[in-house]
Amino acid sequence: MTMSLSRQDMQSIERVSQAMSSGFIMAGSTIMLPFANDPQISPLGMLLGIAQAHIDGLASALTTLEPETRENIIATVPQQLRAIIERTQG
């Protein structure tokens, strides 16, 4: 079963997503600076730590949704990730 989103839902998602992305970039710059200068933090470890923090946040947000909605979103995540990666690589 597919989820039905209203126009307001879609506009809200876009607006909040853009604001959060900007906020993550600003906060991330401040938070990550000490790690970027720490020789004990590997570049791969830093990138995977950022990804893990986002996954944790996503999971926390998803717990607030109805089970059917949550499962529909979880099912689409791999496709969304692949599409985003393809856009940024080419």
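**Close-up views of a predicted model**

**View 1. A polar contact at glutamine 18.** In this predicted model, the side chains of glutamine 18 and glutamate 14 make a polar contact at 2.6 Å. Glutamine 18 has its place in helix 1. Is glutamine 18 buried, partly exposed or exposed? With a relative accessible area of 48%, glutamine 18 is partly exposed, because that value lies between the 20% and 50% cut-offs.

**View 2. Serine 21 in helix 1.** Here we stay in helix 1, where serine 21 is placed. Serine 21 counts as partly exposed, at 38% relative accessibility. From serine 21 to methionine 10, the C-alpha distance is 16 Å, and the two are 11 residues apart in sequence.

View 3. Which residues make the nonpolar surface patch of about 270 Å²? They are Leu5, Met10 and Ile13. Leucine 5 belongs to the segment before helix 1, which runs over residues 7-36. Leucine 5 is partly exposed, and its relative accessible area is 36%.

**View 4. The kink in helix 3.** Where does helix 3 kink? Look at valine 77: a kink of about 40° lies there, shortly before proline 78. Helix 3 covers residues 67-89, 23 residues in total. From first C-alpha to last, helix 3 reaches 34 Å, close to the 33 Å expected at 1.5 Å a residue.

Technical notes: Residues numbered from 1 in each chain as written. Predicted model: local features only at pLDDT ≥ 70, side-chain atom pairs only at ≥ 80, totals over all residues. Heavy atoms only, no water. Patch = residues over 30% accessible without salt bridge, like charges linked within 9 Å, V, L, I, M, F, W, Y side chains within 5 Å. Areas by Shrake-Rupley, 256 points an atom, 1.4 Å probe, with all protein chains shown as cover. Salt bridge = Lys/Arg side-chain N within 4 Å of Asp/Glu carboxyl O. Helix = DSSP H or I, 4+ residues; strand = E, 2+ residues; numbered from the N terminus. Buried < 20%, exposed > 50% of the residue type's maximum accessible area, 1.4 Å probe, protein only. Expected span 1.5 Å × (residues − 1). Bend = angle between axes of the 7 residues up to and from the residue. Polar contact = N/O pair within 3.5 Å; in protein donor to acceptor, adjacent residues only side chain to side chain.
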